[in-house]
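Here is a short briefing on how two protein chains meet. Look at the structure first, then work through the points below.

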Amino acid sequence: MAAISEPFAKGNSIFHRTDPRARLVSAFLLTVPMALLTTPWAAWLSLAIGLSLILPAAYNPGKVLTRLFVVNLFILFLWLFIPFSTPGQAVYNLGPLTMTREGLVMALLLTLKSNAVVLSLMALLGSIPVQSMGPAMQSLRVPAKLCHLFLFTFRYIFVIRNEYDTMTRAMAARGFRPRTNVHTYRSYAWLVGMLLVKSWDRAERVNNAMLCRGFKGRFYTLTDFNFTAGDIFFITSAALLGMGITAYDLLQRGFI
Amino acid sequence: MSTGMADKKLIELTNIHYAYPEGDPVLRGLDFSLHAGDKLGIMGPNGAGKTTFLHILMGLIKPDKGTIRLFGDTLSDSKDFMAARLKIGFLFQHSDDQLFCPTVLDDVAFGPLNQGLSREEAKQISLETLDRLGLAGFESRVPYRLSGGEKKLVALATILAMTPKVLILDEPTTGLSPEARHRLVHILDHLEIPRIVVSHDTDFLAHTTDSILALRDGRIKEGTLKPHTHMHVHIEGDIPHDHN
């Protein structure tokens, strides 16, 4: 059966050895400032930070590049629209469309920041296996609903995917071939509807099974976290980096 | 706590009525009791209300009418059932509904932790249970990557780790290979826990229970059959069926 693979969860890098809670907090402290940067030079700096984080994580470079490729595929669409839709100083005219300097800068900024954030998250969060992520979130007092949502999405998304596959195969077995017609749209609508019904039913059965084992709304966990001085150093470094790039950004804009 | 251990009723359902919203009544005056030491099988046609009956017994569905007594206490709303559920091991028909944790060990420890055991105790009892079921070494396996048979055994481990006073198995052999089914029979053979087994698998019931009841027309019909190995139980004899 398929499952969400966790290609980065296993390893022995500095990240894998750090307490998952420290990694979660650090990811927050680092990536939120990154996402808020406004100047290209600060964004370049954050990209450098992202790269310098991913290297010691010692991941398979192919898998890292694959993920970056997917992210940048989305960013490519931004390059199609933002340079033409942002008002500012014209640099090039393409028929009725005007490419602006401000638009290009904005697209570059978004590209740099996205890649920096994705690289940092891959290093900091990608290295946390799911069985530690849930308890780590819980022990950081992340709202229970979010923790449960995270764990159950991870666990059941492929069960639902399997149900979808079974149904589409059963449709194909009865000669269904998607075309551009009402029959196709209606069949797909029913398929999606059935998928929702089945997911709802399953949710109810899972909930019942949990109630039968005495679930009262809170997960107790076997995972034992061990917070060390190294973890404090880790979080402090992330906080300093976060503050550093913010300060640099403000400096670029002349606020400091 | 009542005395008179020999005739102690662990479970007693009286005059249970239930109909699904906008549906025909499923249960119509069902009476049922399980005594200490009982190993009961329940058969019945599809849609007879077997699973509904089990869910009412666990307090997952509220009956329209009737009383439920578990371990001597009359229970009505779902809060009352909390404590009783911790003493009943309910094996669901689909293991995927039951196993939801990232690792086998987490899943087996889920019940014991809910019972209030410490982490060390929960881990200890989980490992022991896995070992007892021949699943040593499965601790860090991922439940959804197991085979159907392994999932069923892990699901059984998750409830046995709670040291239940009663076992309830809902169609436990559905989808199991003969080997996995054989292993399940073997395990249940060595357990003395009173049980209710709902199944269409007569041979399995013959192996794992002492008497078989029929659920039809919304009631439990007392059976007088005392199945034993190799006997063909024909309580549903008027319904066409196969022997595998």
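**Charged pairs between the chains**

Four salt bridges cross the interface of chain A and chain B. The model is predicted. Side chains of opposite charge can pair when their charged atoms come close. Over all chains, the count of salt bridges comes to 14.

**Arg155(A) and Asp96(B)**

- The side chains of Arg155(A) and Asp96(B) form a salt bridge, with 2.6 Å from N to O.
- This pair crosses between chains: Arg155(A) sits in helix α7 of chain A, and Asp96(B) sits in helix α3 (residues 95-98) of chain B.
- Are the two partners buried or exposed? Arg155(A) is buried, because its relative accessible area is 3% and the cut-off for buried is under 20%.
- Asp96(B) is buried too, with a relative accessible area of 15%.

**Asp97(B) and Arg202(A)**

- Asp97(B) and Arg202(A) also meet through their side chains in a salt bridge, at 2.8 Å from N to O.
- Here the link runs from helix α3 of chain B, which holds Asp97(B), to helix α8 of chain A, which holds Arg202(A).
- Asp97(B) counts as buried, at 0% relative accessibility.
- Arg202(A) counts as buried as well, at 11%.

**Arg213(A) and Asp107(B)**

- Where do the partners Arg213(A) and Asp107(B) lie? Arg213(A) is in the loop between α8 and α9 (229-252) of chain A, while Asp107(B) is in helix α4 (residues 104-114) of chain B, so the pair joins two chains.
- Their side chains form a salt bridge of 2.9 Å, N to O.
- Arg213(A) counts as buried, with 1% relative accessibility.
- Asp107(B) counts as buried, with 0% relative accessibility.
- Salt bridges with shared partners tie Glu163(A), Arg202(A), Arg205(A) and Asp97(B) into one network.

**The wider interface**

- In chain A, 30 residues are in contact with 34 residues of chain B.
- About 2,900 Å² is buried between chain A and chain B, and carbon and sulfur atoms give 60% of that area.
- Which three residues supply more than any other three of the area that chain A buries against chain B? They are Arg155(A), Arg213(A) and Leu222(A), which supply 32% of it.
- Between the two chains, ten residue pairs are in polar contact, counting pairs with both residues at pLDDT 80 or more.
- On the side of chain A that touches chain B, the elements giving two or more residues are α6 (130-139), α7 (144-173) and α8 (182-212) of chain A.
- α8(A) gives the most to that side, with eight residues.
- By class, that side of chain A has 18 nonpolar, five polar and seven charged residues.

**A helix inside chain B**

- Helix α6 (residues 148-160) of chain B has 13 residues. At 1.5 Å a residue, α6(B) should span 18 Å, and its end C-alpha atoms are 18 Å apart, which agrees.
- How many of the 13 residues of α6(B) are buried? Eleven are, so α6(B) is largely enclosed by the rest of the structure.
- Among the buried residues of α6(B) are Gly149(B), Lys151(B), Lys152(B), Leu153(B) and Val154(B).
- The cover over the buried residues of α6(B) includes β6 (88-91), α3, α4, α5 (119-132), β7 (166-170) and α7 (178-189) of chain B.

Definitions and conventions. Residues are numbered from 1 along each chain as its sequence is written. Chains are lettered from A and ligands numbered from 1 in the order in which they are written. This is a predicted model: local features need pLDDT of at least 70, side-chain atom pairs count only at pLDDT 80 or more; totals for chains, interfaces and linings use all residues. Side-chain values use heavy atoms; hydrogens and water are left out. Contact means heavy atoms within 4.5 Å. Buried area is the accessible area (1.4 Å probe) that two parts lose on being put together, summed over both. A polar contact is a pair of N or O atoms within 3.5 Å; within protein, one must be able to donate a hydrogen and the other to accept it, and residues adjacent in sequence count only if both atoms are side-chain atoms. Helices (H or I, at least four residues) and strands (E, at least two) are DSSP runs, numbered from the N terminus. Ala, Val, Leu, Ile, Met, Phe, Trp, Tyr, Cys and Pro count as nonpolar, Asp, Glu, Lys and Arg as charged, and the others, Gly among them, as polar. Buried means under 20% relative accessible area, exposed over 50%, partly exposed in between (1.4 Å probe, protein chains only). The expected span of a helix is 1.5 Å times one less than its number of residues.
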